[in-house]
Amino acid sequence: MKEKPDFSNLKALYINCTLKKTPHMSHTKALMDVSMDIMRAEGVTVEYLRFVNHDVAYGVYHDMTEHGEETDEWPEIFKKIEEADILVIGTPIWLGEKSSVATKLIERLYGESGNRNEKGQYYFYGKVGGCIITGNEDGIKHVAMSTLYSLQHIGYSIPPQADCGWIGEAGPGASYNDEESGAKNNDFTNRNTTFMTYNLLHLASMLKAQGGYPAYGNSRGDWDDGTRWNFENPEYR
């Protein structure tokens, strides 16, 4: 067995984008629990929240109460996102797509992505993202594709095989947490969930150890100050 890494300095935030508020059972959370249990067993500080439980306004500003909305819990949630080295988005599949709640979360994340870190890089540089998906019909890869694209576009780093999921047969039928589905004994899902979890941990640990990404060639602050590295364009000279 290889030497066991130490992940105890990492923090992970799991955001469940089910349409159902607590206390209704969420099949997506049941699969998220598998990943969260692995992280907790590795000494990672793990926090979980159900996005739909919170009164989060639509929009792309940090606090939408400053733009006409009566309430907006996003600033409090964003503090948890700031503190986390790893963000995992969980979503069910509806009509072949991620949930509307997941889209709302990604839009709010996008609104923060233009901010800068202390190196002048875009804000989410150095953080790691993944996704967990459940449903009754095909769509895991499609939902993962759009979710992981969105996360990397705003600055999150995506490790190999950063998604996992479970789907039942087409049409009405058993979902992940239903005993008759047999989902919890599905080796493919269990293997992918485990690999995803450890890949998130490994990448987050490496990035944290080196203080994120070097700022050479990717600092918006330096670019705005006139640095062009090896970009060649006579108009900039």
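**Loop residues, helices and pockets**

Q: Leaving aside neighbours within four places in sequence, which residues is Thr18 in contact with?
A: This is a predicted model. Thr18 sits in the loop between S1 and H1. Leaving aside neighbours within four places in sequence, its contacts are Ser26, Arg50, Val52, Pro92 and Val101.

Q: Is Thr18 buried or exposed?
A: A residue counts as buried under 20% relative accessible area. Thr18 has a relative accessible area of 3%, so Thr18 is buried.

Q: Which residue has its backbone nitrogen 3.1 Å from a polar atom of the Thr18 side chain?
A: The cut-off for a polar contact is 3.5 Å between N or O atoms. A polar atom of the Thr18 side chain lies 3.1 Å from the backbone nitrogen of Lys20.

Q: What distance separates the C-alpha atoms of Thr18 and Leu105?
A: Leu105 is one of the buried residues of H3. Along the chain, Thr18 and Leu105 are 87 residues apart. Their C-alpha atoms are separated by 11 Å.

Q: Which elements do the buried residues of H3 pack against?
A: Helix H3 covers residues 100–112. Its buried residues are Val101, Ala102, Lys104, Leu105, Ile106, Arg108, Leu109 and Glu112. They pack against S1, H2, S3, S4 and H4.

Q: How far apart are the end C-alpha atoms of H3?
A: At 1.5 Å a residue, the 13 residues of H3 should span 18 Å. The model agrees with this, the end C-alpha atoms being 19 Å apart.

Q: How far apart are the end C-alpha atoms of H5?
A: H5 has 23 residues, 187–209, and at 1.5 Å a residue these should span 33 Å. In agreement with that, the distance between its end C-alpha atoms is 33 Å.

Q: Which elements are included in what covers the buried residues of H5?
A: The buried residues of H5 are Thr189, Asn192, Thr193, Met196, Thr197, Leu200, Leu201, Leu203, Ala204 and Leu207. An α-helix has 3.6 residues a turn, so residues three or four places apart point the same way. What covers the buried residues of H5 includes H1, S3, S5 and S6.

Q: Which residue, with a positive phi, follows H5?
A: At the start of H5, a side-chain oxygen of Asn186 comes to within 3.1 Å of the backbone nitrogen of Phe188. After H5 comes a residue with phi near 75°, Gly211.

Q: Is Ser157 buried or exposed?
A: Ser157 belongs to the loop between H4 and S6. Leaving aside neighbours within four places in sequence, Ser157 is in contact with Lys127, Val128, Gly129, Leu203, Leu207 and Tyr213. Its relative accessibility is 7%, so Ser157 counts as buried.

Q: Which element gives the most to the lining of the largest pocket?
A: The largest pocket holds about 400 Å³ of space. Of its 18 lining residues, Pro92, Ile93, Trp94, Gly135 and Asn136 lie nearest the centre. H1, S3 and S5 each supply at least two residues of the lining. The most, 3 residues, comes from S3.

Q: How many charged residues are in the lining of the second largest pocket?
A: This pocket has about 250 Å³ of space. Its lining has 16 residues, with Glu118, Tyr125, Gly126, Lys127 and Gly212 nearest the centre. H5 supplies the largest share, 3 residues. The lining has 5 nonpolar and 5 polar residues, and the number charged is 6.

Note on methods. Residues are numbered from 1 along each chain as its sequence is written. This is a predicted model: local features need pLDDT of at least 70, side-chain atom pairs count only at pLDDT 80 or more; totals for chains, interfaces and linings use all residues. Side-chain values use heavy atoms; hydrogens and water are left out. Helices (H or I, at least four residues) and strands (E, at least two) are DSSP runs, numbered from the N terminus. The expected span of a helix is 1.5 Å times one less than its number of residues. Buried means under 20% relative accessible area, exposed over 50%, partly exposed in between (1.4 Å probe, protein chains only). Contact means heavy atoms within 4.5 Å. A polar contact is a pair of N or O atoms within 3.5 Å; within protein, one must be able to donate a hydrogen and the other to accept it, and residues adjacent in sequence count only if both atoms are side-chain atoms. On a 1 Å grid over the protein atoms alone, a cavity is a set of points where a 1.4 Å probe fits but cannot get out, and a pocket is an open set with protein on both sides within 12 Å along at least five of seven lines; lining residues have an atom within 4 Å of a point. Grid points are joined across faces, edges and corners, and a volume is the space filled by probe spheres set on the points. Ala, Val, Leu, Ile, Met, Phe, Trp, Tyr, Cys and Pro count as nonpolar, Asp, Glu, Lys and Arg as charged, and the others, Gly among them, as polar.
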